[in-house]
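I am opening a new notebook page for this structure.

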Amino acid sequence: MVDFVRPRFHLGQIVATPGALEVIAQSGHSPAEFLDRHVRGDWGSLSAEDRQLNDDALTDGSRILSAYRTRTGKKIWIITEAADDRGQRAATTILLPDEY
């Protein structure tokens, strides 16, 4: 049986920096693995306060940030932009923390 979990929000256009794509590829992961966790509400390595901010963002439309580590120990972030006046999120970016 497949465990299907409904996405908790829309990602908008998905983009990634070359640095993040390189780190992900070197670790043997795919970007989809991290995007899947992000959209299901698995925020990764965040403090309790930042997790709560993300949970609040699901209803108030503010920015959503997830932080993950690859198998090689490198950090990546995924940021989904705040919703616009119509409640639409324009984009989600995969990047390295030092690229923010």
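I began with S4, and found that four of its five residues are buried, so by the under 20% cut-off this strand is mostly covered. I note that the model is a predicted one.

Next I looked up the neighbours of S4. Strand S1, residues 13–16, runs parallel to S4, and four bridges join them.

Then I followed S3 to S2. These two strands are antiparallel and share six bridges. Arginine 69 has lysine 75 in S3 as its bridge partner. S2 and S3 form a hairpin, with five residues between them. In the turn I noted glycine 73, whose phi is positive, at about 90°.

Which residues have the most contacts inside the largest nonpolar core? I found Phe34, Ile76, Ile78 and Ile94, in a core of 21 residues. Helices H1 (18–26) and H2 (31–39) each supply at least two core residues, as do strands S2 (64–69), S3 (75–80) and S4 (91–95). The largest share, four residues, comes from S2. As background, I wrote down that nonpolar side chains tend to be buried together in soluble globular proteins.

Last, I checked isoleucine 78. Leaving out residues up to four places away in sequence, I listed its contacts: Phe34, Leu35, His38, Ile64, Leu65, Ser66, Tyr68, Thr92, Thr93 and Ile94.

How values were computed: Residues numbered from 1 in each chain as written. Predicted model: local features only at pLDDT ≥ 70, side-chain atom pairs only at ≥ 80, totals over all residues. Heavy atoms only, no water. Core = buried A, V, L, I, M, F, W, Y, C linked by side-chain atoms within 4.5 Å. Buried < 20%, exposed > 50% of the residue type's maximum accessible area, 1.4 Å probe, protein only. Contact = heavy atoms within 4.5 Å. Pairing = 2+ DSSP bridges.
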